[in-house]
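Hi there,

Here is the structure I promised to pass on. Have a look at it first, and my notes follow below.

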Amino acid sequence: MKTVIIGDFQEKVDQLLIRHRSILDSLSKYQDTNARVNRAVTKTVTTCGCLTVNATRQNIPKDATFRDYKQYMDSHFQGNLCENCREIIESKIGDNLFYLAALCNILDLDLDEILIKEFNKLSTLGHYNLT
Ligand SMILES: [Zn+2]
């Protein structure tokens, strides 16, 4: 399988996107595909059952530092994705990435540069960037 670089992906999206080239269509398709990712994850619990959710209040000791939080934070998910759910979620995330790239194309933004800037920001600021 060929390794796809983000710039190649963005260029391919530009070549293939015909119907939703309007900023309004791309914005709404991006939002729609994001909702479909959420729906696919939800259905792992409500339809398939390969995952369950047991959500409770996060239990973080009062004396824990922000750096310690990760060890106390629970995803509230239990189980493992079955192959079918994994395939569906990957497909929905791919659709979402397609419209993210389309949005970048319309706005003349370089997704590769955005990813590099974000990576560098995370690397430089670390945890403090996310508080
Ligand atoms: Zn499943």
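Is cysteine 50 buried or exposed? Cysteine 50 counts as buried, because its relative accessibility is 17% (buried is under 20% relative accessible area, exposed over 50%, partly exposed in between, with a 1.4 Å probe and protein chains only).

Before going on, please note that this is a predicted model: local features need pLDDT of at least 70, side-chain atom pairs count only at pLDDT 80 or more, and totals for chains, interfaces and linings use all residues. Residues are numbered from 1 along each chain as its sequence is written, and side-chain values use heavy atoms, with hydrogens and water left out.

Now to the zinc ion. Its protein donors are Cys48 (SG), Cys50 (SG), Cys82 (SG) and Cys85 (SG), lying 2.3 Å from the ion (donors are N, O and S atoms within 2.8 Å of the metal, or 3.2 Å for Na, K and Ca; water is not among the atoms, so sites may look incomplete). The four donor atoms subtend angles of 104 to 119°, so the arrangement is tetrahedral (four donors with all angles between 85 and 135 degrees). Along the chain, the donors follow the spacing C-x1-C-x31-C-x2-C. Cysteine 50 lies in the loop between H2 and strand S1 (51-53) and cysteine 82 in the loop between S2 and H4, so the pair ties together parts that are 32 residues apart in sequence (helices, H or I, of at least four residues and strands, E, of at least two are DSSP runs, numbered from the N terminus).

Cysteine 82 itself is partly exposed, with a relative accessible area of 24%.

Best wishes

Technical notes: Four donors count as tetrahedral if all angles lie between 85 and 135 degrees; four count as square planar and six as octahedral if opposite donors are over 155 degrees apart and all others between 65 and 115; anything else is irregular.
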